[in-house]
Amino acid sequence: MCRSCAVPTGPNDLSAGAGRPLPGLSRRGLLAGLGLGALTVGLSAGTSVAGEAEAEAGAAAEAAVAVAAARNGAWAGPAQGRFPAGGHYGAPRGGGSHAGQDVSNSTGTAVYAAAAGTVVRRSWGGGLPGRTGNGLVISHGGGQYTYYGHLSAYRVALNATVTAGQRIADMGATGNVTGPHLHFETHTGALGTTVNPVSFLAARGVDLAGGWSRIDPGASGTTVVVIQHLMNQRGYGLVVDGGYGSVSADAVKRFQRSKGLAADGQVGPATWPVLVYTLRQGGSGSHVRALQTALNKRGAGLVVDGGFGAVTTSAVRAYQSVNRLVVDGEAGPVTWRALTG
């Protein structure tokens with residue numbers, strides 16, 4: 001785990017790159033736990049009513065962005081691995097506290113963008129105080145940033161535009177560490193204002209520990225396309241548009257009732273295992289289209305034709321290899337869980 005990677009206790013003066021200053025730590029604290037937006041705190045007695053209104057409006061806007069992110073399925077797990085002892089958010093680190101969550105695995109394990117955005121830092125420690133090792137910072141807009149530390153290799157350039165689930169780096173042990181892992185941070189409101197990454201991603205449907213994702217009605221994106229293909233394999237005849245609207249949600253509720261599950265429309269840990277199929281070379285159908293779509297979110301570049309041929313088998317094996325799963329070319333529950341997380 002990290003030997004440093006601490007939240008600094010002094011003033012913070014950070015920038016996203018040459019000529020692009022970012023605000024330091026603001027006087028808006030963050031909603032603890034889920035990290036949903038910002039709350040105006042610590043206003044001095046001399047603050048004007050207009051200033052308070054402006055701060056409250058800014059907090060409301062940031063909260064709206066966070067709520068939208070929580071609903072739209074736009075986030076993805078950054079790496080497969082385990083949580084090492086002492087690598088949690090807030091753990092003591094010298095004069096400060098651990099600024100992120102560590103995810104341990106072997107050097108070379110794939111690291112993915114947690115959401116779409118722009119790479120604004122690509123340097124030792126990501127240019128953040130108290131961090132060591134090769135690091136990346138991605139700006140996701142709305143005052144939200146993610147940091148990826150101790151990398152062994154970069155796979156994207158500075159200023160690159162990335163998509164959720166795109167491979168951006170390899171896990172490593174650069175800097176002041178006890179072994180290979182990803183040090184992952186989430187920043188809300190300003191770069192330098194960290195919140196707990198586990199609860200931050202949980203509020204956006206992602207289990208950082210590697211569990212099944214939670215996709216709610218109202219979501220949209222690639223994972224919804226995966227769900228719609230899987231539902232069509234079961235005969236529901238959905239339009240595959242990536243929008244988890246009322247028609248798709250009603251179909252999922254009917255499916256859940258047919259399996260004796262709570263009919264809440266959420267595709268989560270209870271529904272995914274009975275929705276996915278174990279697939280291998282030679283299969284064909286909408287469930288294979290779902291698999292190909294999920295692999296493409298992780299950069300496979302497959303033609304989504306519904307045929308599980310040699311090319312799809314190679315893509316499955318490659319994904320399993322870089323994520324340190326059993327490399328058998330078969331898409332079973334473990335592989336599906338990683339792909340859809």
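Which residue meets Arg167 in a salt bridge through its side chain? The side chain of Asp170 does so, with an N to O distance of 2.8 Å; a salt bridge is taken as a side-chain nitrogen of Lys or Arg within 4 Å of a carboxyl oxygen of Asp or Glu.

The model is predicted, so local features need pLDDT of at least 70 and side-chain atom pairs count only at pLDDT 80 or more, whereas totals for chains, interfaces and linings use all residues. Residues are numbered from 1 along each chain as its sequence is written, and side-chain values use heavy atoms, with hydrogens and water left out.

The protein chain contains eight helices and 13 strands; helices (H or I, at least four residues) and strands (E, at least two) are DSSP runs numbered from the N terminus. Of its 341 residues, 50% count as buried, where buried means under 20% relative accessible area, exposed over 50% and partly exposed in between (1.4 Å probe, protein chains only). The accessible surface of the protein chain is about 13,400 Å², and carbon and sulfur atoms account for 55% of that area; accessible areas come from the Shrake-Rupley method with a 1.4 Å probe, and for residues only the protein chains shown count as cover. Among contacts (heavy atoms within 4.5 Å) between residues at least 6 apart in sequence, 61% join residues at least 24 apart.

Strand E9 (residues 144-154) is largely enclosed by the rest of the structure, because eight of its eleven residues are buried. Strands pair if DSSP finds at least two bridges between them. Strand E8 (residues 134-141) runs antiparallel to E9 and is joined to it by six bridges, with Leu136 opposite Tyr148 in E9. Two residues separate E8 and E9 in a hairpin, and Gly142 in the turn has a positive phi of about 65°. E9 also pairs with strand E12 (residues 181-188) in the antiparallel sense, over six bridges; here Thr146 has Thr186 in E12 as its bridge partner. Three bridges join E9 to strand E11 (residues 167-171), again antiparallel, and Ala153 is partnered with Asp170 in E11.

Asp170 also takes part in side-chain pairing. The structure holds four salt bridges. One of them joins Asp170 to Arg155, with the closest N and O atoms 2.6 Å apart. This pair links distant parts of the chain, since Asp170 is in strand E11 and Arg155 is in the loop between E9 and strand E10 (161-162), 15 residues apart. Asp170 is buried at 8% relative accessibility, whereas Arg155 is partly exposed at 46%. A further salt bridge connects Arg280 and Glu330, whose closest N and O atoms are 2.8 Å apart. Arg280 lies in the loop between helix H5 (272-275) and H6, and Glu330 in the loop between helix H7 (310-322) and H8, 50 residues apart. Arg280 is partly exposed, at 45%, and Glu330 is partly exposed, at 27%. Salt bridges with shared partners join Arg155, Arg167 and Asp170 into one network.

Rings of Phe, Tyr and Trp (its six-membered ring) pair if their centres lie within 6.5 Å; planes under 30 degrees apart count as stacked, over 60 as edge-to-face and the rest as tilted. The count by this rule is three aromatic pairs. The pair of Trp75 and Phe200 is edge-to-face, because the ring centres are 5.2 Å apart and the planes stand at 80°. Trp75 lies in the loop between helix H1 (49-71) and strand E3 (92-93) and Phe200 in helix H2 (residues 197-202), so the pair ties together parts 125 residues apart in sequence. Trp75 is buried at 6% relative accessibility, and Phe200 is buried at 1%. Arg204 lies over the face of Phe200, 3.7 Å from the ring centre; a charge sits over a ring if NZ of Lys or CZ of Arg is within 6 Å of the ring centre and within 35 degrees of the ring normal. The charged end of Arg298 likewise sits over the ring of Tyr112, at 4.6 Å from its centre.

Thr293, in helix H6 (residues 286-297), is buried at 10% relative accessibility. Apart from neighbours within four places in sequence, Thr293 contacts Thr222, Val225, Val226, His229 and Val304. Arg337 belongs to helix H8 (residues 333-340) and is partly exposed, with a relative accessible area of 29%. With neighbours within four places again left aside, Arg337 contacts Gly210, Gly211 and Trp212.
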